[in-house]
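Please read the text alongside the sequence and coordinates shown here.

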Amino acid sequence: MEQKKIMPNRWGIWDWPLLIEHLEKMALEGWLLTDYHEKTLEFVSAEPRRIHYDIMFFPDYNYDFSDIPPKLEQMWEIAEMDGWKHITKNYYVQVFYNEQPDPVSLHSDAVVTLNGFDGLVKKKFVTVWRRAAVAAFVLLVAFCVWLVVSALVFSQTGETNFMQFAVLSMGSVLVPYMVIQLGYHCFRIHSYKKWLNYAYIAAQDDNQLIPPVSYSFAEKAHFAVSVVGGIIMVIQFAAFARIAFWLSFLGI
Amino acid sequence: MPREKFKTLTEQMFYVLLALTDECCGMDIMEKVSQITHGRIKVGSGTLYNLLEQFSDEGIIAETKTEGRRRSYILTDKGRTLLEREYDRLVTQAQDYNRVINREVSYGTEEDYAEQMGNMGLAPAY
C-alpha cells in the first residue's frame with residue numbers, strides 16, 4: 001500500500017540546488033515528490049530509483065489549477081518531449097522530474113536561467129526589501145527630526161510632558177530596530193546584486209550557473225529580531241496609551 | 001549600473017533567433033536548432049520557454065498564431081537587427097582571429113594579408 005509523507009520545506013528559493021539534491025536522495029530512498037508547497041513537501045512511497053529533478057521559476061504567474069496559462073501548458077508539452085514531467089502546483093516554483101538515465105537539462109543556457117530567476121527575485125523580494133529599507137529610513141529621519149525639535153523646545157521653555165517622555169522611551173527600541181531593518185535590507189539588496197553580477201559573468205563566459213547565497217542564518221536572525229522588537233514596541237505602545245488614558249482621566 | 005539585456009547573445013539565443021527567421025512554434029524551434037547545428041546545440045525546454053518569454057517581452061519576436069497549446073512566433077524587425085548585429089560581431093571576431101593568426105604564421109605584408117582574407121572570402125579588418 002502506498003504511504004504518504006509530508007515534510008517541512010526548509011529550502012527557500014535561494015536553495016534550489018540543495019532542494020534538487022534532497023529530492024534525488026529521497027527518490028533513491030523510495031520517496032517520490034508528489035507536491036511542492038512553500039512550507040511543505042509531499043512524498044509518496046515507491047520503488048527506490050534514480051530520478052532527476054529540476055526546477056523552473058515563473059515570475060509572471062499566480063494561478064490555481066482552474067486557470068493554467070496556455071503558455072505554461074505549451075512549456076510542459078515541450079518539456080515532455082525531453083522526458084521532463086511536471087509535478088507541482090506552486091505558482092512560481094515549478095518542479096519537474098525525469099526518469100531517463102541522462103536527460104537533456106531543462107536549463108541549457110545559464111544566462112537565460114539567470115534572467116528568469118532575476119525576474120522572479122526582483123518581483124518577489126527586491127521590491128519588498130527596497131520598500132522596507134525606505135520605510136525604515138523615513139521613520140529614522142522622522143524620529144531624528146522630532147528629537148531635534150523637542151530638544152529646541154525644551155531648551156527654550158525648560159518644560160517637558162508625558163508625550164515627549166513616551167516617544168523618547170519608544171525611540172530607545174524603535175531606533176535600533178529601524179537601524180537593523182535598514183541595515184538588513186540594504187545588505188540583502190547589495191549582496192544579491194553582487195551575486196547577480198558575478199553569476200552573469202560566469203554564465204556568459206562558461207555557461208555555468210553559480211547558485212545564490214541563501215543567508216539563511218541572517219534571514220532567521222532578522223525574523224527573530226523583527227518579532228521580538230515588534231512585540232516590545234506593541235507592549236510599550238499599549239502601556240503608554242493606557243497611562244496616557246489614566247492621566248487624562250484623572251485630569252493630570 | 002543596470003545590465004543591458006541581450007547586448008550580446010549567447011550561442012543558444014543566437015540559434016533560437018536564427019530558427020525564428022521563419023515562423024515556427026516551440027517544438028519546431030528545438031528541432032530546427034538541432035538540425036542547423038547538426039545536433040551540436042540542444043536547447044533545454046526550460047531555456048526555450050524562458051527565451052520565448054523574454055524575447056516576446058522585449059519585442060524581439062512576435063506571436064503570430066495560436067493553435068490549441070501551440071503558439072507560433074516570428075522574428076520582428078528589432079529581432080532581425082539584433083541578429084545581424086550579433087552576426088557582425090562574430091564575423092569581426094573571426095576576422096580579428098584570422099588577421100592575428102595569419103600574421104603570426106606567415107609574417108606577411110599588408111598585401112599578403114589582404115590576399116589571404118580575399119581567399120577566405122572575407123574583407124580585411126583594418
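## Helix packing between the chains

H2(A) and H3(B) run roughly antiparallel to each other, a label given because angles over 145 degrees count as roughly antiparallel. Helix H2 (residues 70-81) of chain A and helix H3 (residues 45-57) of chain B have axes that come within 9 Å and cross at roughly 150°, where axes are lines fitted to C-alpha atoms over the stretch in contact and angles run from 0 to 180 degrees between N-to-C directions. Helices are DSSP runs (H or I, at least four residues), numbered from the N terminus.

To this contact H2(A) brings Met75(A), Ile78(A), Ala79(A) and Met81(A), while H3(B) brings Ser45(B), Leu48(B) and Tyr49(B); residues are in contact if their C-beta atoms, placed from the backbone, lie within 7 Å. By class, 6 of these residues are nonpolar, 1 is polar and none is charged (Ala, Val, Leu, Ile, Met, Phe, Trp, Tyr, Cys and Pro count as nonpolar, Asp, Glu, Lys and Arg as charged, and the others, Gly among them, as polar).

## The chain interface

The contact between the chains takes 24 residues from chain A and 21 residues from chain B. On the side of chain A that touches chain B, the largest share, 9 residues, comes from H2(A), and this side has 12 nonpolar, 7 polar and 5 charged residues.

## Domains of chain A

An automatic or database domain assignment divides chain A into domain 1 (4-98) and domain 2 (110-250).

## Basis

This is a predicted model, in which local features need pLDDT of at least 70 and side-chain atom pairs count only at pLDDT 80 or more, whereas totals for chains, interfaces and linings use all residues. Residues are numbered from 1 along each chain as its sequence is written, with chains lettered from A and ligands numbered from 1 in the order in which they are written.

Technical notes:
Helices (H or I, at least four residues) and strands (E, at least two) are DSSP runs, numbered from the N terminus. Angles under 35 degrees count as roughly parallel, over 145 as roughly antiparallel, 65 to 115 as roughly perpendicular and the rest as oblique. Two residues are in contact if their C-beta atoms, placed from the backbone, lie within 7 Å.
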